[in-house]
Amino acid sequence: MIQGTASHVGKSVLTAALCRSYQRRGLRVAPFKAQNMSNNSFVTPDGKEIGRAQAVQAAACRLAPRADFNPILIKPESPTAAQLVVGGEVAGSLSTKDFGLVRREYWTAVQEAFHRLSEAFDVVVLEGAGSPAEINLRHCDVVNMQMAQYAAAPVLLIGDIERGGVFASLVGTWALLDEADRRHLKAFAINKFRGDPRLLEDGLTRVANETGVPCAGVFPHWGELDVPAEDALGWDGWQRRTCERADHVVIGIADVPGISNFTDIEPLAAEPDVEVVRLSESTDRPLDALIFPGSKQTVQALRFVRERGLDRLAHRVLAAGGTVGGICGGYQLLGRIIRDPLHLESPHDDVDGLGMLPVETTFALPKIVEQVSGRHAASGCVVVGYQVRMGRTTALAQAQPYFELWDEPGGACRPEGMCLHDGRLFGTSLHSVFDQDSFRRWWINRLRASRGWTGLPETKGLSLDMKLDCLADFVERHVDRSMIDRLLEEGV
């Protein structure tokens, strides 16, 4: 089991790396995270919703994602409330006033999911959440030491030296654990180190002496790590990349509250002729495109867009010949009205949208969770994506669909999304469409054409499978593999 001294220290990435490492050795491997709190989700082939990180870890195991890999998913809707997804399906709401609900009501579901995996696979690599030293939450824990004890799993504790205080966080975590939990803590590692590792020797020795726990590795900082992030901390830490090309397009992303599935934007940011700019308010900078991403708080996001002048910015971008688009919640707020008769996302029965697209959205149950495929109507490019939404968006006037989805490959098509102004204004409910190389390059080249620039060929980067191999290679170079293997064999 991989646990961390805090969030965003590298647990998910190390879990994926170990999954791929053991898979390459001919073992049947599965990932497992009992509880994830994230608005970055993914859809399994059978229409279940899990954390995006567990989908990546499944890919590391060369498996299709399944609900058992992440039986509890908590999707924050506000600072005090969240949507609760159990076994891939919406199970209701969760309040900070009763966070213990998960352990009381759904611990059995967690146990059953883990049991199915442990029966079917040679190795299960578990991931914790946050820190096991959150002692105020130990009584309702299902994902850290509670899970380690149930699985009888040895724990590798990872700390992030980039944030400072890594030795204190490692020793402090050990000190705050009770004896029953400490017996699971078998090794520690340090992540994101820059410099000469010999500088750490005294500190590593001191930690080992204080805790009786040895160091299993020091991982250098990998600035170009290109694996989808787990949650909004990845977006918060995202840095704008400076384009070396003079002929690059600038794409603004509305930095709305409750942003979800921001991984939709990552493929654009990786292109050599694209500069992605986060916008929390309007700007005078010329933009080639403005995208409103998904949000778990669509009505709050709509209010934010108006208060920060991003609605007026959208009209200016469109009037100047640029492109404006919305994905999922962003599509909904571009419409004329959002209705919520069941108050699933807000206390309002209905609110006026930005009115840029002639559509209306009604929030309703059940939640739509599905993988889809089809083609982009204008370019003919094949796309594969997924939908995760409560909103039902319907057209109020005739317009061209943005995509045409197949009920089965090569079968009848159904319209999805909407576009106006020759595609320069669009909305879609599909996530992950920019992952498709051909569509992404076509879309960017349309922006280039409006500038009078020649289009570029598709960027042939590494596939996710190849990136995961590179990640496993990197971790194997810097971890004590014999120690990890011994922990796996000996257990607790």
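Strands S16 and S18 pair in the parallel sense over four bridges, where two strands count as paired if DSSP finds at least two bridges between them. Helices (H or I, at least four residues) and strands (E, at least two) are DSSP runs, numbered from the N terminus. This is a predicted model, in which local features need pLDDT of at least 70 and side-chain atom pairs count only at pLDDT 80 or more, while totals for chains, interfaces and linings use all residues. Residues are numbered from 1 along each chain as its sequence is written, and side-chain values use heavy atoms, with hydrogens and water left out.

- Leucine 290 has valine 324 as its bridge partner in S18.
- Strand S13 (residues 249-254) also pairs with S16 in the parallel sense, over three bridges, and isoleucine 253 has isoleucine 291 as its bridge partner in S16.

**The open sheet S1-S10-S11-S12**

- Four strands in the order S1-S10-S11-S12 form an open sheet with parallel pairing.
- Strand S1 (2-4) and strand S12 (215-220) are at the edges with a single partner strand each, so one side of each is left without a neighbour in the sheet.
- From one strand to the next, the twist averages 25 degrees; axes are lines fitted to C-alpha atoms, for helices over the stretch in contact, and angles run from 0 to 180 degrees between N-to-C directions.
- S1 and strand S10 (residues 155-160) run parallel and are joined by three bridges, and glycine 4 has isoleucine 158 as its bridge partner in S10.
- Helix H1 (residues 11-23) packs on the sheet and touches S1, S10 and S12, with a direction at about 165 degrees to that of S1; contact here means heavy atoms within 4.5 Å.
- Helix H5 (residues 166-176) lies across S10 and strand S11 (185-193), and runs at about 160 degrees to S11.

**Nonpolar cores**

- The largest nonpolar core has 44 residues, of which Phe32, Leu84, Leu126 and Met147 touch the most other members; such a core is a set of buried Ala, Val, Leu, Ile, Met, Phe, Trp, Tyr and Cys residues joined through side-chain atoms within 4.5 Å.
- Helix H3 (residues 101-120) supplies the largest share of this core, namely seven residues.
- When residues up to four places away in sequence are not counted, leucine 126 touches Met1, Ile2, Thr15, Phe32, Phe114, Met147, Ala151 and Ala153.
- A second, separate core of 34 residues includes Phe304, Val324, Tyr331 and Val359.

- The 14 residues of helix H13 (residues 437-450) should span 20 Å at 1.5 Å a residue, which agrees with end C-alpha atoms that are 20 Å apart; the expected span of a helix is 1.5 Å times one less than its number of residues.
- Glutamate 271 lies in the loop between helix H9 (266-269) and strand S15 (274-279), and counts as buried at 1% relative accessibility.
- The side chains of glutamate 271 and arginine 441 are joined by a polar contact of 2.9 Å; a polar contact is a pair of N or O atoms within 3.5 Å, and within protein one must be able to donate a hydrogen and the other to accept it, with residues adjacent in sequence counting only if both atoms are side-chain atoms.

- Most residues other than glycine have a negative phi, and most peptide bonds are trans.
- Asparagine 261, although not a glycine, has a positive phi of about 50 degrees; asparagine 261 is found in the loop between strand S14 (259-260) and H9, and counts as buried at 3% relative accessibility.
- Cysteine 328, also not a glycine, has a positive phi of about 55 degrees; cysteine 328 sits in the loop between strand S18 (323-327) and helix H12 (329-334), and is buried with a relative accessible area of 8%.
- The peptide bond from leucine 365 to proline 366 is cis, with omega near 0 degrees, and proline 366 is found in strand S21 (residues 359-376).

Conventions:
Buried < 20%, exposed > 50% of the residue type's maximum accessible area, 1.4 Å probe, protein only.
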